[in-house]
Amino acid sequence: PCACALDQKTSAVGWKEIYPAVGKQRGEVGLFLGCVARLADAVTLNSTIYVLNRLGYKVHVPSAQTCCGAIHQHGGDMAMGAMLTLQNQKVFEALNIHTIITTASGCSVQLKESIVGQTNKASEHNDETGFTLTIIDISRFLVTAEGWDDVEIASLPCQVAVHDPCSLRNVLHGQAYPYTLLARIPSLQISPLAGNDQCCGAAGTYFFDQPEMASKLQTDKLSAVKQSKARYIATSNIGCSMYIASGLHTTDVEVLHPVTLLARQMGIQ
């Protein structure tokens with residue numbers, strides 16, 4: 001039957017500062033929560049911690065981190081966007097960890113352009129070696145991560161269609177990684193969602209600013225979902241996930257992050 005191995009119970013609040021690796025520690029990373037995701041998508045964040053821990057990575061979740069600033073910057077509030085950038089930069093640099101994991105491609109773009117851009121610029125004007133942060137999408141990180149030989153992944157004889165968020169596809173150029181990650185699940189049938197070169201309509205605040213056009217784009221995306229006959233739609237951006245899912249509430253199609261599906265098959269409870 002087409003069913004996940006275990007249900008997942010998560011809380012939207014109350015993350016610990018540190019989640020130790022299970023077994024041999026292979027590295028340490030920081031996790032960026034995001035403002036929308038920590039309230040509306042705790043499942044993805046907890047799945048990320050679960051998978052990283054079981055592969056041997058210690059995960060730091062600093063409580064002082066804040067919004068990435070994308071919404072403010074897109075809305076023209078550059079001062080607030082810059083302030084949020086500075087706050088996140090200070091918080092993650094204090095960890096003395098070079099790799100920061102993101103689960104939303106929109107946040108990843110903003111952090112890479114703001115925090116990484118600023119730290120690299122500062123290094124260029126400093127005689128000393130500057131501290132650099134690497135912002136990386138969870139799927140991309142996991143594709144090259146170690147520790148896979150030490151975990152078991154249950155098979156899932158279902159069909160999943162992968163949606164490519166515009167930010168992941170056109171800016172980060174990392175659309176191939178979710179497919180590679182999902183391929184670790186035995187028996188899973190993976191295919192791209194038709195029309196992946198077209199926006200789903202969410203686009204940050206676009207569905208607020210231009211609701212008519214956004215609705216048309218969403219209609220096209222929902223039609224592609226229906227034609228795919230997939231049980232799951234995997235996408236790597238919280239905005240896309242919520243907007244697509246809002247049009248599927250009367251169906252049994254589940255929209256989720258690739259890492260969430262992987263964590264389920266690895267035994268998260």
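**Close-up 1. Strands β6 and β8 pair side by side in this predicted model**. Let's begin with β6, residues 159-162, and β8, residues 232-234, which pair in the parallel sense over 3 bridges. To find your place in this pairing, look for V160: its bridge partner in β8 is Y232.

**Close-up 2. The open sheet that holds β6 and β8**. At the edges are β7 (189-192) and β9 (254-256), each of which pairs on one side only. Direction ignored, neighbouring strands of this sheet are turned by 25° against each other on average.

**Close-up 3. Helix α12 packs on the sheet**. Here, α12 (residues 258-266) touches both β8 and β9. Compare the direction of α12 with that of β9, and you will find an angle of about 100°.

**Close-up 4. Helix α4 and its span**. Now for a helix of 16 residues: α4 runs through residues 78-93. From its first C-alpha to its last, α4 reaches 22 Å, close to the 22 Å expected at 1.5 Å a residue.

**Close-up 5. The buried face of α4**. Which residues of α4 are buried? They are G81, L84, T85, N88, Q89, V91 and F92. Seen down the helix axis, these buried residues fall within an arc of 165°, so they line one face of α4.

Terms used
Residues are numbered from 1 along each chain as its sequence is written. This is a predicted model: local features need pLDDT of at least 70, side-chain atom pairs count only at pLDDT 80 or more; totals for chains, interfaces and linings use all residues. Side-chain values use heavy atoms; hydrogens and water are left out. Helices (H or I, at least four residues) and strands (E, at least two) are DSSP runs, numbered from the N terminus. The expected span of a helix is 1.5 Å times one less than its number of residues. Buried means under 20% relative accessible area, exposed over 50%, partly exposed in between (1.4 Å probe, protein chains only). The arc is that of the directions from the helix axis to the C-beta atoms. Two strands pair if DSSP finds at least two bridges between them. Axes are lines fitted to C-alpha atoms, for helices over the stretch in contact, and angles run from 0 to 180 degrees between N-to-C directions. Contact means heavy atoms within 4.5 Å.
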